[in-house]
Protein chains: 2
Amino acid sequence: MLDALFKPRSIAIIGASNNPFSIGHIVIRNLTDHGFKGPIYPINPKTMHIRSFRTYKSVLEVPDEIDLVNISIAAKYLPQIMEECGQKGVKFAICHTAGFKEVGEEGIAREKALVEIAHKHGIRIFGPNSQGIQNSNPEVSVYANFTFVPMNPGAISIIAQGGGIGEQLKLHLYNVGVGHRMYCSYGNEADLSMPEILEYYGQDEGTKVIIQQIESFKFPAEYLRVASAITPHKPILAIKAGRTSEGSKAVSSHTGSLVDQSAMATAMFRKAGIIEFHDVDRMVKAAIAMERLEPPKGNRIGIVTNTGGPGIQAVDESVDGGLELATWSDEGKARLKETQLPMASLGNPVDVVATGGPDHYFHAVDTLVKEEAVDMVLVFFVTAPFVDLDAIANRICEVTASTKKPVIMVVETYKKYYSLIDKLRHGGVPVYEFAEDGARVLAAMTRYSVLKNRKKEDPPQIEVDQKKVERIISKYQNSYLPQDEAFQVISAYGIPVPRFVSYSGDTAEAANKVGFPCVLKVDSTDVVHKSDEGGVVLDIENEDELAKAFESMKNRFSDPKTRFLLMEQKPGGCEIIIGLTESPGLGSMVMFGLGGVFVEVMKDVMFSVAPLSRPEAREMIEGIKGYQILKGIRGKKGVDIMAIEDLLIRVAKLGSDFPTITDMDLNPIITYPEGTSPVAVDVRIKVK
Amino acid sequence: MLDALFKPRSIAIIGASNNPFSIGHIVIRNLTDHGFKGPIYPINPKTMHIRSFRTYKSVLEVPDEIDLVNISIAAKYLPQIMEECGQKGVKFAICHTAGFKEVGEEGIAREKALVEIAHKHGIRIFGPNSQGIQNSNPEVSVYANFTFVPMNPGAISIIAQGGGIGEQLKLHLYNVGVGHRMYCSYGNEADLSMPEILEYYGQDEGTKVIIQQIESFKFPAEYLRVASAITPHKPILAIKAGRTSEGSKAVSSHTGSLVDQSAMATAMFRKAGIIEFHDVDRMVKAAIAMERLEPPKGNRIGIVTNTGGPGIQAVDESVDGGLELATWSDEGKARLKETQLPMASLGNPVDVVATGGPDHYFHAVDTLVKEEAVDMVLVFFVTAPFVDLDAIANRICEVTASTKKPVIMVVETYKKYYSLIDKLRHGGVPVYEFAEDGARVLAAMTRYSVLKNRKKEDPPQIEVDQKKVERIISKYQNSYLPQDEAFQVISAYGIPVPRFVSYSGDTAEAANKVGFPCVLKVDSTDVVHKSDEGGVVLDIENEDELAKAFESMKNRFSDPKTRFLLMEQKPGGCEIIIGLTESPGLGSMVMFGLGGVFVEVMKDVMFSVAPLSRPEAREMIEGIKGYQILKGIRGKKGVDIMAIEDLLIRVAKLGSDFPTITDMDLNPIITYPEGTSPVAVDVRIKVK
């Protein structure tokens, strides 16, 4: 429980100062300005009082219990301070102080030592190199953070690794008159981890929406577990910083982490049901609507406007975001015809035209929310000089109060009429500046709805020969497996492979086992791109050709240790690729795509976190652009998609059963129409 | 010249009214509130004065000359009013009045009649169904428009088909303290056309940037001509509403136009050097920076921040937008090391850290703008509570005043510190709210720079047999051409085709002309998807096979009028598709993509407006994602790209020489490595 951190009954400020530019001063000011409900104890051995607070020389001098300390003094004093806090029975220490992990070796050692002292005393450290926490819960009203944006109560909780982004999120909310619930920017995660905080947010009843920014995952598996448990009840909106390789480098110079986690992040977010964003503004705007409104039941949008252009922008953006334009029932059409001006346009968008007044807006919006085939409504309103603004706001609020369907507004006006916006917001209607914003927000809510309601299953129970794989891969370390054993590994997990034998010139015997046509391949861990290096002979039709092919290949790969593989040649079909990659701290990631240029040039791939449930496997298949090709195009029969689903599940199980497999490529797997099993004709496995 | 419209010396308001919600009242208020420099004559036969202006019964009663009238009375009175305006010698009439083209047949007739009267008298009509015009030029200061956003002088001119979008653009500028130059929303374009207005904006010295929203092009060819002449001197930023098919439908219900012009718009924008946007907010934000700053010389960005997260967002967005992260010279590195705090991060982004003060910012930004390898600088600043904000603004303005490289700022702060933003803006620095905005703005400026500086050439002179094509296609109307004649058409334009003959069973003779292997095809305008309908036999190796194939095909297509084509069979290669489509009002559009699924499933195509210059053809080729495949991947030799360039130029010339060709598909064209000519193995041509 993190109550002593987010609901502290008392706080001591170690490094309290009269210098108004110091953290130790600003935190006290923030706490008092926002009416913290408990006592504040400034600690400073050199001065008698700070602001109007009497100071204490150390925490040990404080006569009462201390739940939380904020520490901003230099790193070198921290071990001693932590010992004192331990003696005092402090529960949480927010360490603003920097100079730890983020500065390299020495800092890492310092950080480790500090955590050891804390744990000895049962103290949990938040940070170091952290910005602090806030909680607008009126029972505590704690602003133990050195930032500047005023805190107002709200139901959006924020958790940001980057303090600058965290502040920006708060700032935007503040600027549009929305408060927030809890806030923190957690720094180095030396002790208290981001997933622990997220879990706490998840349990907080006052938190309706969680938004977060992550630069690097320190505990990805734990994050996945915690987030997955939250998203069925409340939405999590997230940005993983560094989606480009350049951005990823910028992350690593900022956080000291070295791994590019962007593909992993997207896969984790999807698995956990988190809504992913790339833009800070889009994320925070979506959160504002999600705090107030239930997500839509489906993806059908109705749009009302009083001017054409923004309506069209809303349509384009909605469709881009996966929404569908609703159509009206006969009753709906009749009511619109009856209630709207003759010039009005009664399709979707409904254009009530610039002279449309309060009643026109009321009937248009009310008709739409009452249509069964409408899941959400976007209302655009430019404050035309012809109409009564107050009455419009009132009548729209009348509708929104009567419906559970999300209705959001975009108002085009300037400061003279901002009271209109206030009135709408007061009535619970989220208001945005641009039509595109409104459409994107509704699309994001719909994404949440889909994620929340998607079918959840456990990975299916499948029969595999785990023992056999264990026997094989335990023989190798930090190397590729030979082809024949790699085939045995996947075969043990039920992945169909061609008939094959290790080949050393025993033509008749081998041909007997494999049959013609067949393929001769070099089987050497040194030869990675076999085809490119002339290590594959296809279309061998008889024993003669086989003998000749073997002769010439022996010449090409003359190392006597080189082995060769003879393999049944499979007929052509639709090629796919399935891969596995180790994702440190998380486990194994599965990759899926069509063969060749579709992966290499078109970058049309999906990643997912192993193991996979059936719907997750299906999602990967349907998630690539080339899915249409698998389904069959222009009268061509599609391939057996259930079989691919099965392959993905098996590969994923192999990955999660054997974390020592750092890389695996089944490239290509040839797939065929239903009735013919797909087959992995090449495989590459690397183990730790 | 449109001076009498945008710089009227006098204005009469026909339909002037004391009703404060009427257009005839609001326009007078807007004109007087913004200090129009000429006399205003309210026309109203029923009242003595409106506001404090003496009214006139008709324009004929006005004792002075009238340049411009604003008309907002009902449509039925307009013919008579227009006659009076003619007698009076009025030069321009802004018709706010609706009820014309946009309401259907009757309105179209009314509109045509009105224009006829106007032209008889030399009056130009702006509209009807238009919002009006504005010009902040202090010599006139005219606000002849019924909208509500106050007008301040600036150098961005706006031209919007959708009045709601136009107003939104003005509004955003106003909200961030930026003015605008000219403004108009032109309605039905019954007489005065959008390209004419655009041309006038282009010639206006006070206009530095033009932004526009278009719902449908009435005069696309003229637009292309006018815009192309402007963009080398000043940027045009544009949105074409309706980029999705649903959006396009919404446009047509708004404007009454029926053609989906979205692909055409993108192609025209590229040809004309216009920067295309999809979002209103992104467009207007880019305009703000382009009004003040020169475009960058290259695409290398330097970033300065005082907090990590927004720096990373800026990196991700920059890279996504085609920018490159600059690296510093040794001198630059040394200066940064010398001038920055020990905790600062000196890569790109430079993180001066939250305690970085005015000098740190100054040296960081100044170092970057002086680096030869930096073309533009993005500066992020969160108002950390530790530093002197005023001094930071001053020192940054010091740098920006000393450089021609674009420097823009993103400031994270709240209203208490808005004076900082004012100071920066006053110093000529554009300021944005989110790091992503800043990166996108710089990427847009870079796009302009590329468009402005790209190589411009005329379409090359090529030899073609235009006469022959004329002879062939003049025989057909509203139909597909037979295969053999379609081949003759493209062959006449220098597009290589296989050897072919019309075939009717003359085995030996035909085989002699074409050779083996060959292909037998049905040649019937009724059979469009020949392969799918069994109308193609491949791999015919000898006369026997040919006879057999012919027999079976004759059975399949038993209509005695059906013709057949025997064609040389070309070896496999990399397949591409080139197409032509008529684009009404513009001419012919060329389409290019890789064969099969790359076009059908991956939608990886480029469109361009015919005719094509060599760089334009090259741009199309390089513009598809699959370009890498053409260049050659994984050691595979690439195809002859110059030859594809040549094909595109020839197809484009065919399209522009013969506007009667409404559709043409060369699908596939087989391409080979240099040395082997590509060849169009199938062609479909449809004429009007």
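Trainee: How much area do chain B and chain A bury between them?
Mentor: About 6900 Å², with 59% of it on carbon and sulfur atoms. Keep in mind that this is a predicted model.

Trainee: Which three residues of chain B supply more of that area than any other three?
Mentor: B:Phe148, B:Met602 and B:Arg634, which supply 10% of what chain B buries against chain A.

Trainee: And how many residues are in contact?
Mentor: 82 residues of chain B touch 82 residues of chain A.

Trainee: How many salt bridges are there between chain B and chain A?
Mentor: The count between the two chains is six. Over all chains, the structure holds 84 salt bridges.

Trainee: What about A:Asp191, which side chain does it meet in a salt bridge?
Mentor: That of A:Arg124, at 3.1 Å from N to O. The pair links distant parts of the chain, 67 residues apart. A:Asp191 sits in the loop between strand S11 (182–185) and helix H6 (194–203) of chain A, while A:Arg124 belongs to strand S7 (residues 124–126) of chain A.

Trainee: Switching to helices. At what angle do H14 and H15 of chain A cross?
Mentor: Roughly 15 degrees, and their axes come within 9 Å. H14 covers residues 389–401 and H15 covers 418–426. H14(A) and H15(A) are therefore roughly parallel, and their crossing is right-handed.

Trainee: Which residues of H15(A) meet H14(A)?
Mentor: A:Leu420, A:Lys423 and A:Leu424. On the H14(A) side you have A:Leu389, A:Asp390, A:Ala393, A:Asn394, A:Ile396 and A:Cys397. By class, that contact has six nonpolar, one polar and two charged residues.

Trainee: Now H12 and H13 of chain A: are they roughly parallel or antiparallel?
Mentor: Helix H12 (residues 330–339) and helix H13 (residues 358–370) of chain A pack at about 180 degrees, axes 10 Å apart. Anything over 145 degrees counts as roughly antiparallel, so H12(A) and H13(A) are roughly antiparallel.

Trainee: What's in that contact?
Mentor: H12(A) brings A:Gly332, A:Arg335, A:Leu336 and A:Thr339. The H13(A) residues include A:His360, A:Phe362 and A:Asp366. The contact of H12(A) with H13(A) has three nonpolar, five polar and three charged residues.

Trainee: Over to chain B, how do H3 and H4 pack?
Mentor: Helix H3 (residues 78–88) and helix H4 (residues 105–120) of chain B have axes 9 Å apart, at an angle of about 10 degrees. That makes H3(B) roughly parallel to H4(B). B:Leu78, B:Pro79, B:Met82 and B:Glu83 of H3(B) make the contact with B:Leu114, B:Ile117, B:Ala118 and B:Lys120 of H4(B). These residues divide into six nonpolar, no polar and two charged.

Trainee: Last topic, the backbone. Where is the cis peptide bond in chain A?
Mentor: It joins A:Asn667 and A:Pro668, with omega about 0 degrees. A:Pro668 lies in strand S29 (residues 661–671) of chain A. In chain B, the bond from B:Asn667 to B:Pro668 is cis, with omega near 0 degrees.

Trainee: And what is phi of B:Asn478?
Mentor: Near 45 degrees, a positive value in a residue other than glycine. You'll find B:Asn478 in the loop between helix H17 (466–473) and strand S21 (479–480) of chain B.

Key. Residues are numbered from 1 along each chain as its sequence is written. Chains are lettered from A and ligands numbered from 1 in the order in which they are written. This is a predicted model: local features need pLDDT of at least 70, side-chain atom pairs count only at pLDDT 80 or more; totals for chains, interfaces and linings use all residues. Side-chain values use heavy atoms; hydrogens and water are left out. Axes are lines fitted to C-alpha atoms, for helices over the stretch in contact, and angles run from 0 to 180 degrees between N-to-C directions. Helices (H or I, at least four residues) and strands (E, at least two) are DSSP runs, numbered from the N terminus. Angles under 35 degrees count as roughly parallel, over 145 as roughly antiparallel, 65 to 115 as roughly perpendicular and the rest as oblique. A crossing is left-handed if the near helix is turned anticlockwise from the far one by less than a right angle, and right-handed if clockwise. Contact means heavy atoms within 4.5 Å. Ala, Val, Leu, Ile, Met, Phe, Trp, Tyr, Cys and Pro count as nonpolar, Asp, Glu, Lys and Arg as charged, and the others, Gly among them, as polar. Buried area is the accessible area (1.4 Å probe) that two parts lose on being put together, summed over both. A salt bridge is a side-chain nitrogen of Lys or Arg within 4 Å of a carboxyl oxygen of Asp or Glu.
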